[in-house]
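Have the structure open as you read.

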Amino acid sequence: MGTVVDEMVTDPSVGLTDGEVADRVSAGRVNAYTADSSRSAWNIVRANVFTLFNGIVGACFLVLLLVGHWRDALFGLAAFGNAIIGCVQEFRAKSALDKLALLNAPQARVLREGVEREITPGEVVMDDVLVLRAGDQVPADGTVVASRGLQIDESMLTGESDAVDKRPGDEALSGSVVVGGEGAARVVRVGADSYANTFATEAKRFSLVSSELRTSINRVLKWVGWGIGPIGLLVLNAQIMVAGGWITAFETGTWVQAVVNTIASLTAMIPLGLVLMTSIAFAVGAAKLASKQVLVNELPAVEGLARVDVICLDKTGTLTAGEIEFDGSHPLHHNVSGWERVLSWYGAAPDANATARCLQKPYPNVDPLTRAASIPFSSARKWSAVSFSDVAGTWVFGAPEMIFGDEASDTSTELGAEVVSLASLGRRTLVLGFSPSSLDPDSVEAEELPSGLRPVVVLTFREQVRADAAQTLSYFRAQGVGIRIISGDNPRTVAAIAREVGVDVAEGYDARLLPEDDEALAVVLETESVFGRVTPDQKRRMVVALQSRGHTVAMTGDGVNDALAIKTADMGIAMNSGAAATKAVARLVLLDGKFSHLPDVVAEGRQVIANIERVSMLFLTKTAYATALAVIFGIFVIEFPFLPRQLSITDGLTIGIPAFFLALMPNAQRYVPGFLKRSLSFAIPAGIVVALALTSYALVAKSLGVHEPELRTGSTIILAIVGIWILTVLSRPINRFKVLVIGAMFIGLVGIFTIPLATSFFALVDPGEAGAYLLTAVTIGAIGLLEVVRFVHRRYVARVMATAE
């Protein structure tokens, strides 16, 4: 099989013996690799079930069951629903990550004791001699020891769009695919140390997508969590004091009602329904996107793209279809003939790469030449050379700058002017040169360019730009989203492709000149938008540098070389035609590869964010007034004016059920950071108004001699009507659908307060004449104050939005 590398540990013509294989297996030097699960099932269950709030709610639920008040324990269902949805969501993410496997070749061929054997990739051991043929996936990292036209496609690993010719001594990376010729390689890295599995291990590190909604809600839950303990003790003490003191309460059994009242105040503080509504909104958004051929690997990703302010695009396979085609030939005025026959030979050569094969159609090989000596193409040299026995001289084919150096970029020369002009049009340029000297064995061994070389013809190739790329990039520019185009190709070519899709750029930035310092890199990324010659590690560094400047970054790609950058980005987007690793770590996968779906994702994300912001004001208002009530009633030692089941009425009909419909309504409001601040700017003052209204009612009702059942009923009526009004205020502008929702909730409330079975279950009675007048006055006053709060809030939000623009 061609030339063989010296100083071999293993004889490449024989391979390892069975004894040597056994020694390596016993030493653990095998390719078997079972990556740790991205996150264990137990960790997922523990994170979603055994939380502080589930513990609080679960304890309250259990206490109510033990004291026989099961009707007051309805709130436990919300906690159960949150835990189920959270587990399902993370199990989906785990499943996608666990499927990550770059090495999916069913069999590997090795040479052992002089005999070729087929084994599973996991049975390959260190120093095995791999037998490589077209169509094989390399199962472990190796050094090529023999080659006969061996070509390996490393595009999914390195981003290089052309297959690479491999000669003895070159590296064959695991996960790459043999696309031409045959050869052999000695294994030098196995298992977790191999290139592909190093990528896989890094990519499988579990991380949830960044979500402002989820982060903000968790922050509120944390705040409430810190306060729920001391507030709970304060309320319990107050309720026991109302019952006659600790000793009397335990002697008479009134401590039971004190505990029920305390639980009512504590559970009202927790916005459990907000978590549930957010998860439902994400799930519905993901289902709608799936119908548009967009797969959401993690539910909060629905929100993510609406928050992105910089999108990084890999050129090959994303902006372009990844296919090369011949564009044209541009002869230079040198008196050299026969170059067409040479090009036909290059197109028909057995080891022709994808670019060379494009020459077959324009230059059919009708009069084949006979090769006398050649220097095969190398991705490091980026040129090949050949001498023929039929004609004198040597022909060199490859990258202009690698063959002719500065002359290829100097516009004062004929070659430079042609190459620069064509590259600026987005064409990939190659040059065919001629030397009157023929290749001799020494020049072949040294891989030297022949003397007297002069350019004969410049050849151009082009990539097919995706039809929807320009339109989609135009949409993002109109939305104020910055665009960075990143590629491993020539910066001039990348810049030309960028101009073709509407990006206004004169020159691409050569990533080989990027600074090593992260801060300096961030400065470059703020000023430059198109980059060529970018390595996989640089892609990730570029994402991190943009994030360090406060940007929310999306990254698109299809190759394994994009996987780490996609994983690091706030929003990773993969093409379905891409590598399994890339799709597994991406938040979104475009199943049909169409960029035109991304505006749909943005619209869906905006709908989720805007609607959850509106819904959050409902839930956070409840948290605000429940906390204020607990503190006020605890300090002033007043009996809490609700049973837990009575709060379930207002929770369900003024917040929970309408929130479900409001969270799914169309809403194209542009995303502006600061969701939590805007929500709390309404919820806190509105909550204080409600708390003061209920406190005023309770104190005056007590002074009028209203009994506890009537007082609780009056408080429930006030909270129900004021809750409906808050729902109406936050639903503006009102449309037919909102009228139906609000009207249905109002009818539901009337039914609960009038149907005997409902009034009996919820312990509702006639509030009495004095109580009725009082609750009417309090309700009207509260509604007036809420209108003032909303007026001020809308002016504040308008000012924030205007500043953001």
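Let's start with C358: its relative accessibility is 15%, so C358 counts as buried (under 20% relative accessible area, with a 1.4 Å probe and protein chains only). C312 sits at 0% and therefore counts as buried too. As for disulfides (pairs of cysteine sulfur atoms within 2.5 Å), the count is zero.

Keep in mind that this is a predicted model, where local features need pLDDT of at least 70 and side-chain atom pairs count only at pLDDT 80 or more, while totals for chains, interfaces and linings use all residues. Residues are numbered from 1 along each chain as its sequence is written, and side-chain values use heavy atoms, leaving out hydrogens and water.

Now for the confidence. The protein chain has a mean pLDDT (the predictor's confidence in each residue, from 0 to 100) of 82, and 87% of its residues reach 70 or more.

| Element | Residues | Mean pLDDT |
|---|---|---|
| helix α5, lowest | residues 155–158 | 60 |
| strand β13, highest | residues 394–398 | 94 |

Over residues 1–8 the pLDDT is below 50, yet beyond near neighbours in sequence this stretch has 18 contacts (heavy atoms within 4.5 Å) in the model. Residues 100–105 are also below 50, with 23 such contacts.

Finally, the helix pair: in α7, E212, L213, S216, R219, V220 and W223 meet F675, L676 and L680 of α26.

Terms used
Helices (H or I, at least four residues) and strands (E, at least two) are DSSP runs, numbered from the N terminus. Buried means under 20% relative accessible area, exposed over 50%, partly exposed in between (1.4 Å probe, protein chains only).
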